[in-house]
Amino acid sequence: MNYSVILPTLNENGHIVQLIDSISTIFVKKDLAFEIIIVDDNSEDGTIQTVERHKKENKKIQLIVRSNLKKNLAESINEGIINAKYENVIWMDADFQHPPQYLNEFINEIHNCDVVIASRFLSTSGRYFKNKNFTKDTNENQSYLFNKLCNFFLFKDVTDFTSGFICLKKDYFKDFRLQGFYGDYFVNLITYLKKRNAKIIEIPFTDSIRATGYSKTLVKVNIKYIYTCFRYFLTLFFNIIKTKIKI
Ligand SMILES: Nc1nc2c(ncn2[C@@H]2O[C@H](COP(=O)(O)OP(=O)(O)OP(=O)(O)O)[C@@H](O)[C@H]2O)c(=O)[nH]1
Ligand SMILES: [Mg+2]
């Protein structure tokens with residue numbers, strides 16, 4: 001089996017080389033064919049220049065810069081998928097919140113199914129903020145509640161509908177594109193995969209704290225935060241309709 005790992009980036013300069021190297025080490029150790037596709041939405045912190053320099057040393061890197069386009073996470077991942085050359089695609093956050101060691105489990109599990117999702121909400125999963133040294137962001141409560149509602153109204157055998165840490169067959173994207181405001185694209189993806197009767201396995205994982213830089217997700221309750229919540233709930237609503245009337 002072979003793997004295209006997609007890293008959507010927006011200002012991740014502080015740790016991007018370290019992340020690329022950690023991912024590369026996993027595949028090299030297992031002697032598996034792989035590539036790492038960085039899809040950057042015009043970072044202004046030097047991420048692009050850093051990756052360009054690192055590309056000269058690591059031939060597995062592909063860099064795509066989405067210049068002059070509206071920044072969008074789902075569209076960035078779509079761009080990575082279109083340019084992926086291997087059978088399995090993986091994508092994950094590029095800030096170490098999705099620890100690269102779980103790629104080992106993706107590689108083990110994908111032999112037994114079509115899709116592996118790393119979940120924050122299985123009984124054996126963990127959260128970084130359980131460590132007393134870290135505070136919980138406001139949006140974590142919203143994320144927990146949203147995922148519970150998705151689990152109740154959509155599919156009982158999926159727990160993390162906004163994971164963003166996944167391994168699946170590239171073939172699923174022959175006639176499907178990710179679409180969403182932000183992390184809600186993942187709900188649309190799960191509904192689509194279920195419609196295709198994909199065998200989905202969730203593995204528990206414990207997220208880590210972002211390595212450097214800042215979160216692009218809103219952590220303060222303001223009008224933008226309320227709008228983001230509204231967009232997420234709208235996505236849930238449309239997915240309930242889609243699953244109930246099977247369109
Ligand atoms: N290409 C691209 N990448 C993005 C965009 N927004 C976020 N990202 C990347 O998506 C990943 C997740 O973004 P984060 O800012 O860490 O947000 P989050 O993990 O959902 O939220 P926190 O838990 O608060 O960190 C990171 O790799 C970001 O660099 C975007 O508009 N375009
Ligand atoms: Mg993050």
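How many nonpolar, polar and charged residues does the shell around ligand 1 have? In this predicted model, local features need pLDDT of at least 70 and side-chain atom pairs count only at pLDDT 80 or more, whereas totals for chains, interfaces and linings use all residues. Residues are numbered from 1 along each chain as its sequence is written, chains are lettered from A and ligands numbered from 1 in the order in which they are written, and side-chain values use heavy atoms, with hydrogens and water left out.

The shell around ligand 1 has six nonpolar, six polar and seven charged residues, where Ala, Val, Leu, Ile, Met, Phe, Trp, Tyr, Cys and Pro count as nonpolar, Asp, Glu, Lys and Arg as charged, and the others, Gly among them, as polar. Of these 19 residues, Glu 12, Asp 41, Gln 97, Ser 215 and Lys 216 come nearest to the ligand, a residue being near if one of its heavy atoms lies within 4 Å.

Polar contacts, that is, pairs of N or O atoms within 3.5 Å, are made to oxygen atoms of ligand 1 by a polar side-chain atom of Gln 97 at 2.7 Å, by a polar side-chain atom of Asp 93 at 3.1 Å, and by a polar backbone atom of Leu 10 at 3.0 Å. Of the 630 Å² of accessible area that ligand 1 has on its own, the protein covers 91%, as computed by the Shrake-Rupley method with a 1.4 Å probe. Two or more residues of the shell are given by each of the elements β1 (2-9) and α3 (73-83), helices (H or I, at least four residues) and strands (E, at least two) being DSSP runs numbered from the N terminus.

Terms used. A polar contact is a pair of N or O atoms within 3.5 Å; within protein, one must be able to donate a hydrogen and the other to accept it, and residues adjacent in sequence count only if both atoms are side-chain atoms.
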